[in-house]
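Below is a walk through a protein structure, with attention to how its chains meet and how some of its side chains are placed. Please keep the sequence and the model open while reading.

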There are 2 protein chains.
Amino acid sequence: MSDKPRIGWVGTGVMGAAMCGHVLDAGYPVTVTTRTRSKARDLLGRGASWAGTPAEVAAASDITCAIVGFPADVREVFLGPSGLLAGASPGDAVVDMTTSEPALAIEIAERADEAGVSAIDAPVSGGDIGARNGTLSIMIGGEEAAVERVRPIFEAMGKTIVRQGGPGAGQHTKAVNQILIATLMIGLSEALLYGQEAGLDLETVMESVSGGAAGSWSLSNYGPRILRGDFEPGFFVDHFVKDMGIALQEAAAMRLPVPGLAMAHELYVSLQAQGLGRKGTQSLILALARLAGVEWRESPAPG
Amino acid sequence: MSDKPRIGWVGTGVMGAAMCGHVLDAGYPVTVTTRTRSKARDLLGRGASWAGTPAEVAAASDITCAIVGFPADVREVFLGPSGLLAGASPGDAVVDMTTSEPALAIEIAERADEAGVSAIDAPVSGGDIGARNGTLSIMIGGEEAAVERVRPIFEAMGKTIVRQGGPGAGQHTKAVNQILIATLMIGLSEALLYGQEAGLDLETVMESVSGGAAGSWSLSNYGPRILRGDFEPGFFVDHFVKDMGIALQEAAAMRLPVPGLAMAHELYVSLQAQGLGRKGTQSLILALARLAGVEWRESPAPG
C-alpha cells in the first residue's frame, strides 16, 4: 500500500483530464468520476479507479480535486446529496479547481468545516497548453495548513502555485486574471482588424509590436492563431462568458464599475449569439469584424 | 572630415534627447534644433552643433530626424516656411519619428518626392526606458532604398527595426501598437481595483497573474509602479490621448468601429479633465477609482 495520499478526481474535460493525468504520473493512487464515463477511459487505462458519484470518490480518497463547468455544477459536486461532502471523512481535503464564485467557495468552506473537512478553492490559468505541460498558474484560497498538505498535488499539475488568502481568495484572484485578459482581447481584436483594414502585412506588424510595450501573452499566443484563421479552442467562449459573468457580479456586489469588462462580456455574448460559444476566445475578432461589416480575411494555411 | 552621413535632429524632449544621444555616441556628426534651446544643452556639450530652424538643420545634414509633439508640429517642422523641406537638398532623407497621422506622412512623402528628397515615417515604441537603453521598436514606412540608407541610424537607437511598407505604414503600425495598449490599460486598471476592493494582497496577486495567460509588458512594467503609487511619466497621458485620437480618426475614416479604443480614449480624457495630463499613462487607474468613488490606496514606499 502506498504511503501517498489517495487522490480523488471529479471532472475529466480538456483541463481535468490533463491535470489528473499529471497526478497519476506522479504516482498517486487516483479514483475518478465524471459525467460521461467515456471521457475517463484514458485515465482508467492508466491505472485510475472508477467511482459512480462524487460522494464515492471522496469516500475512497484523502484529497479530492474537482474541475467542472459552472457554479451550479460546483454546488452539486460539493454540496449535493451525492456530493463530495456527503462522502468525505473528517481530516479529508476537497479542492475546487473550477473557476467559480468566491461566495460559493466560502459557503463550501463553511459547510466543509462543519464536517471536519478542509475546503480549498484553487482555480487555474494557462489553458489547455498549460494543463498538458503542467505549467498552470494555480491561485489558491484556503487555510494555510490545508493548502500546504495539498501543495505536492498542485506541484504535479502547475508551475506557479500561490496561496492568495483564505477561502474565496483563489476565486477572486482568478477574477483579476480574467478581467486582465477580457479587455486585452478587445484591444487585440481591434488592433488586428485596424491593421488589416489599413492594408498592413500583419505578420510583419507582429514583428514590430509583439516584443515591445504592446506585447502580451495573448498577443504572442492568440495572434498567430488569428492570423491563420484558427479559431478552435483553447479556451471556450462559453466558459469565458461564465468567468466574466462571475467577475461582473462580484464587481457589482462591491459597487465597482468595470466598463471594460462589461464591454468584453457583451462582445463575447454576441459570439454566443452567432453560435460560436464552442470556439476559442480568440474568436472575439469575428464579433468585431461583424460589427464593422467586414470579413476577417486571414484564412488557414492551405493543407 | 567624417565619411559618415551628417545627421540633423529636431526635437529634444525626453524621447528625442535620448535618441539623439545614441546617434552622437555612434560617432555621427549631428546638428540639432529644438523649441527650447536649453533642452539641447547636454547634446551641444557632447559635440552636437546648433542651428536656428529645421530648414537650417536640413541644410547642414544628409539625413534629418524629427520627434516633436503633435501633428501640427510635424506639419510645421516638415512643411512650414522654415521647415525641413525648405532646407533639404535633392538626395537628402527626412525622417519623422513622432507618432503622427498616416495621411500627413503620405502628404510629406509626396511633397518631399517633388523636391527629390526621401521622406520616411518611423514612429517608435518602448517609452523613455527604451529610448535611454536604445531598445526601441521602430516602425517604418517609406521607400525601401531610403529606409536601407537610414537603417544604420535606426540601429543606433533601437532594437526592433522593421519596415512595414510605403509612406504611412509606420504610422499605421504605431496605431496598431497604441490600440493594443489602450484597451489593455483599462483591464489592468479594473483588475487591480477589483483586487484591492476584494481585499487581496496585490503583490501576491501579481505573482499569480503576471507570468501567465494574463501577462503583458504593461502589467509587468506599470503594475509595480501602480502598486507603489508612482504615477510619474513614463509616457504622458496627454501624448497618449493624442495617439489614440489619431487612431480613432483613422479607424473612423476606414469605417471601422473600435469601441474599446473609444472607451480608453474617453477615460484618458477624464484624466486630463482631472488635471493629470502630465502624469504617466499608468494613472488610468485613478480615473476608474474616481468612477467607483474609491481611493486607490497604495501609496509610495516611505522615503
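The paragraphs below treat the interface, then the relation of the copies, then salt bridges, and finally a few helices.

The model is a predicted one. In it, 61 residues of chain B are in contact with 61 residues of chain A. Between them, the two chains bury about 4900 Å², and 72% of this area is on carbon and sulfur atoms. On the chain B side, the residues that lose the most area to chain A are Leu180(B), Tyr194(B) and Ala213(B), which together account for 15% of what that side buries.

Which parts of chain B supply the side that touches chain A? Two strands, β8 (136-141) and β9 (158-165), each give at least two residues. The helices that each do so are α9 (169-197), α10 (202-209), α11 (217-227), α12 (237-253), α13 (259-273) and α14 (284-292). Of these elements, α9(B) gives the most, with 20 residues. Sorted by class, this side of chain B has 36 nonpolar, 18 polar and seven charged residues.

The polar part of the interface can be described by two counts. There are 16 residue pairs in polar contact across the interface of chain B and chain A, counting pairs with both residues at pLDDT 80 or more. The number of salt bridges between chain B and chain A is zero.

How are the two copies related? Chain B is superposed on chain A by a rotation of 180° with 0.0 Å of shift along its axis, and the RMSD is 0.0 Å. The copies are therefore related as by a two-fold rotation axis. As for the surfaces used, 100% of the interface residues of chain B are also interface residues in chain A, so the copies meet through the same surface.

Although the count between chain B and chain A is zero, a search of the whole structure finds 24 salt bridges over all chains. One salt bridge joins the side chains of Arg163(A) and Glu144(A), at 4.0 Å from N to O. It links distant parts of the chain, 19 residues apart: Arg163(A) is in strand β9 (residues 158-165) of chain A and Glu144(A) is in helix α8 (residues 144-157) of chain A. Arg163(A) is partly exposed, with a relative accessible area of 26%, and Glu144(A) is also partly exposed, at 49%.

In chain B, Asp25(B) forms a salt bridge with Arg46(B), where the closest N and O atoms are 3.0 Å apart. This pair, too, links distant parts of the chain, 21 residues apart: Asp25(B) belongs to helix α1 (residues 14-25) of chain B, while Arg46(B) is in the loop between α2 (41-45) and β3 (49-50) of chain B. Asp25(B) is exposed, with a relative accessible area of 58%, whereas Arg46(B) is partly exposed at 39%. In chain A, Asp25(A), Asp42(A) and Arg46(A) are linked in a network of salt bridges.

An α-helix has 3.6 residues a turn, so residues three or four places apart point the same way. Asp128(B) is buried, with a relative accessible area of 13%.

Helix α11(B) has a set of buried residues: Ser218(B), Leu219(B), Tyr222(B), Gly223(B), Arg225(B), Ile226(B) and Leu227(B). What covers them? The cover includes α9 (169-197) of chain A, together with α7, α9, α10 and α14 of chain B. After α11(B) comes Gly229(B), which has a positive phi, near 75°.

Leu188(B), in helix α9 of chain B, is buried, with a relative accessible area of 0%. Beyond its neighbours within four places in sequence, Leu188(B) is in contact with Ser218(B), Leu219(B) and Tyr222(B), and with Leu180(A) of chain A. Leu188(B) and Ile285(B) are 97 residues apart in sequence, with their C-alpha atoms 8.0 Å apart in space.

Definitions and conventions. Residues are numbered from 1 along each chain as its sequence is written. Chains are lettered from A and ligands numbered from 1 in the order in which they are written. This is a predicted model: local features need pLDDT of at least 70, side-chain atom pairs count only at pLDDT 80 or more; totals for chains, interfaces and linings use all residues. Side-chain values use heavy atoms; hydrogens and water are left out. Contact means heavy atoms within 4.5 Å. Buried area is the accessible area (1.4 Å probe) that two parts lose on being put together, summed over both. A polar contact is a pair of N or O atoms within 3.5 Å; within protein, one must be able to donate a hydrogen and the other to accept it, and residues adjacent in sequence count only if both atoms are side-chain atoms. Helices (H or I, at least four residues) and strands (E, at least two) are DSSP runs, numbered from the N terminus. Ala, Val, Leu, Ile, Met, Phe, Trp, Tyr, Cys and Pro count as nonpolar, Asp, Glu, Lys and Arg as charged, and the others, Gly among them, as polar. Copies are superposed by least squares on the C-alpha atoms of residues with pLDDT of at least 70 in both. Buried means under 20% relative accessible area, exposed over 50%, partly exposed in between (1.4 Å probe, protein chains only).
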